[in-house]
Amino acid sequence: MFDRIAQSVAYQKLNLDTTVSVTIKRLDQIHPQISGNKFFKLKYNFLEAQKQGVNKVLTFGGAYSNHIAATAYAAHLFGFKSVGIIRGEELASKALNPTLATAQQFGMQLHFVSRQQYREKTSPVFLEQLQQHYPEHYRIPEGGTNPLAIQGCKEILTVEDRQNYDVICCAVGTGGTMTGIIEASSAHQKVLGFSALKGDFLQRDIQQWTTKKNWQMTDAYCCGGYAKTTPALLQFIQSFENQHHLPLEQVYTAKMMYGLMDLIGQNHFPAGSRILVIHTGGLQGRHIDADRS
């Protein structure tokens, strides 16, 4: 299902005047719509829905969710119906932003709920209400992270990736992608995650999904929280893209690269370290004001 639409993944080595080498794995080029880590997160969830004989999916996200956009397109492509539970009931009376307009264009039914309701998205009572309203839907959690998503994300690293690099870097939103990479990594490798959110709750989540200890996560470069930016981050994006001709978006990948370049400048990594950076896509969210709640 998914493998027949995937393009080959390119690697782009950065020309840096440092004692370490940095290579970008361009998952953003896998597919125009189902790109980056979303390809791997959705793959086994859609296969499981198909196995169960279900052709309707329901999932959750904010107004600028990469996951919402990717799920809508995947459902459209594979003949599924889709429902998106969207945070912010006030959005129902406003013009749709590009992300939601795209999701609707691909057939996703948008169900707007209050921010208070959305915070209850994992509670049994709220899920039972959704089940009654949308029976026979295969439910995918916010961001797509569940055991099947982690299974898919283990496929991000190839045998060569496990052999040829010492450090693997990725942006972190819900923890599923990083967990899959940790599980697939070799014993000699260190996995370094750059959280897009403020706080250590993602670290606790990942600790529940893996017993391996070869990883570390930092929120030092989240710029104040999810989808928040700073003048320094925006300046970095412009400079980085001009120099390396590689697109970033301000919610995830830019914060990761911003943090990595800062750590390299501090000589955080031993000389000769071979660093692989996972570009997780999300470019549909470039240069837009994301949901800051």
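Axes are lines fitted to C-alpha atoms, for helices over the stretch in contact, with angles running from 0 to 180 degrees between N-to-C directions. The model is predicted, with local features needing pLDDT of at least 70 and side-chain atom pairs counting only at pLDDT 80 or more, whereas totals for chains, interfaces and linings use all residues. Residues are numbered from 1 along each chain as its sequence is written, and side-chain values use heavy atoms, without hydrogens and water.

**View A. Helices α10 and α11.** The axes of α10 (residues 231-244) and α11 (residues 253-265) come within 10 Å and cross at roughly 90°, and the two helices are therefore roughly perpendicular to each other (65 to 115 degrees). Contact (heavy atoms within 4.5 Å) is made by A232, L233, F236, I237 and F240 of α10 with A254, K255, M257, Y258 and M261 of α11. By class, this contact has 9 nonpolar, no polar and 1 charged residues (nonpolar: Ala, Val, Leu, Ile, Met, Phe, Trp, Tyr, Cys and Pro; charged: Asp, Glu, Lys and Arg; polar: the others, Gly among them).

**View B. Helices α1 and α2.** K38, L42 and F46 of α1 meet N66, H67, A70, T71, A74, A75 and F78 of α2, a contact of 6 nonpolar, 3 polar and 1 charged residues.

Conventions. Helix = DSSP H or I, 4+ residues; strand = E, 2+ residues; numbered from the N terminus. Parallel < 35°, antiparallel > 145°, perpendicular 65-115°, else oblique.
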